[in-house]
Amino acid sequence: MVRKQVVVKAPVEQAFTAFHRKVAATSSRRSTTCSRPQSARQSSSPRVGGHIYDRAVDGSECRWARILAYEPPARVVFSWDISPQWQIETDPELTSEVEVRFVAEGPDRTRVELEHRHLDRHGPGWQSVSDGVDSDQGWPLYLARYAALLEGR
């Protein structure tokens, strides 16, 4: 299990909304996930059963996560449908999940707690997924970029 957190300068509702809307500019996923033309943007359909996906410049989509829980502004849970080879995993039994909680620490401060769990479900090579998302280029980078966006940097 990988756990990370960051405190952002934003009310909890804004922090929650920005997590979805700003995901394209802050993504830490490896660029090799989708073997399609360069990604033009990243989006999500924020509802249970929705997806997080890349949309390429040619209009094609690559769905790499499923929204499992959506409880604004408190939490969101999504699957990590990316294999140890950093390719799309189509078998839901071989995917992990990410829970992100938003905790108000005041009117203009929110603690964002991220937990990436069930990494061993990825099967052989699962440790590389864990190492990748736990590395400086994984969730810590994503959360730092996310915080910087909320601060207008």
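1. Tyr-142 counts as buried, at 3% relative accessibility. Buried means under 20% relative accessible area, exposed over 50%, and partly exposed in between, with a 1.4 Å probe and protein chains only. Trp-139 is buried too. Tyr-146, at 1% relative accessibility, also counts as buried.

2. A word on the basis. This is a predicted model, in which local features need pLDDT of at least 70 and side-chain atom pairs count only at pLDDT 80 or more, while totals for chains, interfaces and linings use all residues. Residues are numbered from 1 along each chain as its sequence is written, and side-chain values use heavy atoms, with hydrogens and water left out.

3. The ring pairs come next. Rings of Phe, Tyr and Trp (its six-membered ring) pair if their centres lie within 6.5 Å; planes under 30 degrees apart count as stacked, over 60 as edge-to-face, and the rest as tilted. The whole structure holds 10 aromatic pairs. Trp-139 and Tyr-142 form an edge-to-face pair, with 5.3 Å centre to centre and 85 degrees between the planes. Tyr-142 and Tyr-146 are stacked, because their ring centres are 6.5 Å apart and their planes at 10 degrees.

4. What separates Tyr-142 and Tyr-146 along helix H4? About one helical turn, because they are 4 residues apart in that helix. Trp-139 and Tyr-142 are 3 residues apart in H4, so about one helical turn separates them as well.

5. Ring pairs link a cluster that includes Phe-16, Phe-19, Trp-64, Trp-80 and Phe-102. Trp-139, Tyr-142 and Tyr-146 are among its members.

6. Now the core. A nonpolar core is a set of buried Ala, Val, Leu, Ile, Met, Phe, Trp, Tyr and Cys residues joined through side-chain atoms within 4.5 Å. The largest one has 32 residues. Among those with the most contacts inside it are Val-8, Phe-78, Val-100, Trp-139 and Tyr-146. Elements that each supply at least two residues include strand S1 (2-8), helix H1 (12-21) and strand S6 (96-106). H4 gives the most, with 6 residues.

7. Val-100 deserves a look. Leaving aside neighbours within four places in sequence, Val-100 is in contact (heavy atoms within 4.5 Å) with residues including Phe-19, Phe-78, Val-112 and Leu-114.

8. Overall, the protein has 4 helices and 7 strands. These are DSSP runs, numbered from the N terminus: helices are H or I of at least four residues, strands E of at least two. The order from the N terminus is β-α-α-β-β-β-β-β-β-α-α. Of the 153 residues, 47% count as buried.
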